[in-house]
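Student: I would like to go through this model with some questions about its helices, pockets and salt bridges. Where should we begin?

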Amino acid sequence: MLVVVCLVSLLVRLAFPLFLEARASGIAAEHAITAYSLVTGHGFHWDRGWYEQVVALQKEQKRLIDLEDMDVPANLAFSEPSTDYPPGYSLLLAVTFKITGQARYIYLQLLALVIDSVAAPILLYFLGARLFSRHVGLIAAALYAVWLSFAYIAFEPRPEGLLSSVSLGLLVGLYLFLSQGRSRWLALMAVLIAIGVNLRSDMFSVIPFLAFAVLLATRGPFRLKIAKGMVAGLVLAAVALASLVPYGLVQRDAFGRFSFTTPALATNVWQGIGEYPNHWGAVMSDVQIEGLLATQGLGYATPGAERYLWGKIRRAVIDDPAWFVRTTLDRAKRILLMQYNWGITRAIKNALDIPGEKVSAHCQTWNLLPGGATTCWGLALAYIGTARSLILLDWSLWIGAIVGVIVFRKRPYAWLLLVLPLARLIPFSFIHVEPR
């Protein structure tokens, strides 16, 4: 039965390249140009002029543009280090460029779709079967297989498409480490953390929560609990930092300063403030941020910009801490409810929309099939109706199996399913939540 689930999952995901085009994305363009730079022997660099050409053409044609479909600029110069994102996704993209001889996104997209269609259902089945029952595992795997929001995220040319399998692998590794106590499972978690932080460096925020889970689950004296949790956390942190050394070296090349994190973190937090009406002049617009920084003689996503924006953020927090508490809780609530284009509540709304109203690609895709809108609505209700059996993943928060807490007192380690969602919810509650 699990084989059938994986085959269905693969068929659902492979339908996306046939029916939809991925969204135009400046992030994808920067990854692609960095990958092209790697393939041509220029390292983790990119050309801003070419990037601006790609983005302009994407806006004009309202679709994602492959570098293969563009002429390489005559004055191309990979002189600017690529610092906005960790190197993992660009490196994977470069591998596909090199193997195929074509600078196209589709090859890595297909790889991500295959990984997501096989690895995620198998890992979900394992967790569901070990923590609850085989029936629960199959339901969780089957629901993941046919739920289009997850399939679409795997289809997008962004690192998030690979993170579902990484995060589920971390949960499986954590379960096995807690239940068996063998160091090889900690080693597996370390490998997955290294992969994860190189796809998104904020994956590092998961480590303290994994260590806390080890502390809680360890039996024996309190000192032993503390020691085991600290060892697990230190091992994972050391591996994560070591794997990010290349990213730090790229930033040193750009700014003369070694750093493991993106130089746009304060920008995201400031835009998070701008997501709500405020009296500090913060808005979500990238253009506004660039203009603000320009008035100070600062460049976008630079260490100087980070220091300046962190200063504004600190003054705002001191000025009105209650405002930050309210907005953070509100953002956390919206994240948990997944109230954006690819979430459950929006999926139900789209399925019930009157004909002619604009709906997301989620239900538009189902509408290609007879009774598609009803199918989309039925799947949304199936998620809610089988809440106790569900291990659900959101594209960035891994809000899986929180619904399983109803029975966790009777099931050892079921509570650990709260670890990763909480780890991701806290940092994301402070930055802006873009509509998806």
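Tutor: Begin with a term: helices and strands here are DSSP runs, helices of at least four residues and strands of at least two, numbered from the N terminus. With that numbering, Lys62 falls in the loop between α4 and β2. Keep in mind that the model is predicted.

Student: How many helices and strands does the protein chain have?

Tutor: The protein chain has 436 residues, and buried residues make up 52% of them. Of its contacts between residues at least 6 apart in sequence, 69% join residues at least 24 apart. The count for the protein chain is 21 helices and two strands.

Student: Is Lys62 buried or exposed?

Tutor: Lys62 has a positive phi of about 55 degrees, although this residue is not a glycine. Its relative accessibility is 72%, and exposed means over 50%. Lys62 therefore counts as exposed.

Student: Ala301 also has a positive phi. Is Ala301 buried or exposed?

Tutor: Ala301 has a phi of about 55 degrees and is not a glycine. The residue lies in the loop between α15 (286-295) and α16 (303-319). The cut-off for buried is under 20% relative accessible area. At 3% relative accessibility, Ala301 is therefore buried.

Student: Which residues does Asp66 touch, not counting residues up to four places away in sequence?

Tutor: Asp66 lies in the loop between α4 and β2 (80-81), and at 15% relative accessibility Asp66 counts as buried. A network of salt bridges links Asp66, Asp69 and Arg104. Leaving out residues up to four places away in sequence, Asp66 touches Ala103, Arg104 and Tyr105.

Student: How far apart are the C-alpha atoms of Asp66 and Ala28?

Tutor: Ala28 is one of the buried residues of α3. Along the chain, Asp66 and Ala28 are 38 residues apart. The separation of their C-alpha atoms is 9.6 Å.

Student: Which elements do the buried residues of α3 pack against?

Tutor: Helix α3 (residues 26-39) has 14 residues, which should span 20 Å at 1.5 Å a residue, and its end C-alpha atoms are 20 Å apart, in agreement. Its buried residues include Glu30, His31, Ile33 and Ser37. They pack against β1 (45-46), α4 (48-61) and α5.

Student: How many salt bridges does the structure hold, and what is the N to O distance between Asp116 and Arg13?

Tutor: Side chains of opposite charge can pair when their charged atoms come close. The structure holds six salt bridges. One of them joins the side chains of Asp116 and Arg13, with an N to O distance of 2.7 Å.

Student: How many residues apart are Asp116 and Arg13?

Tutor: Asp116 counts as buried at 1% relative accessibility, and Arg13 counts as buried at 0%. Asp116 is in helix α6 and Arg13 in helix α1 (residues 2-14), so the pair links distant parts of the chain, which are 103 residues apart.

Student: Why does the salt bridge of Glu160 with Arg200 tie together parts that are apart in sequence?

Tutor: The closest N and O atoms of Glu160 and Arg200 are 2.5 Å apart. Glu160 lies in helix α9, while Arg200 lies in the loop between α10 and α11 (207-217), so the parts tied together are 40 residues apart in sequence. Glu160 is buried, with a relative accessible area of 4%, and Arg200 counts as buried at 18%. Glu160 also meets Arg158 in a salt bridge, with N to O at 3.5 Å.

Student: How many of the residues of α9 are buried?

Tutor: α9 reaches 30 Å from its first C-alpha to its last, close to the 30 Å expected at 1.5 Å a residue. Just after α9, Gly181 takes a positive phi of about 70 degrees. α9 is largely enclosed by the rest of the structure, because the buried residues number 19 of the 21.

Student: Which elements give two or more residues to the lining of the second largest pocket?

Tutor: About 260 Å³ of space lies in this pocket. Its lining includes Gly88, Ile115, Ser165 and Leu192, and the lining residues divide into eight nonpolar, four polar and no charged. The elements giving two or more residues are α5 (88-100), α6 (106-131), α9 (160-180) and α10 (183-199).

Methods
Residues numbered from 1 in each chain as written. Predicted model: local features only at pLDDT ≥ 70, side-chain atom pairs only at ≥ 80, totals over all residues. Heavy atoms only, no water. 1 Å grid on protein atoms, 1.4 Å probe; cavity = no way out; pocket = protein on both sides within 12 Å on 5 of 7 lines; lining within 4 Å. Points joined across faces, edges and corners; volume = space filled by probe spheres on them. Nonpolar A, V, L, I, M, F, W, Y, C, P; charged D, E, K, R; others polar. Salt bridge = Lys/Arg side-chain N within 4 Å of Asp/Glu carboxyl O. Buried < 20%, exposed > 50% of the residue type's maximum accessible area, 1.4 Å probe, protein only. Expected span 1.5 Å × (residues − 1). Contact = heavy atoms within 4.5 Å.
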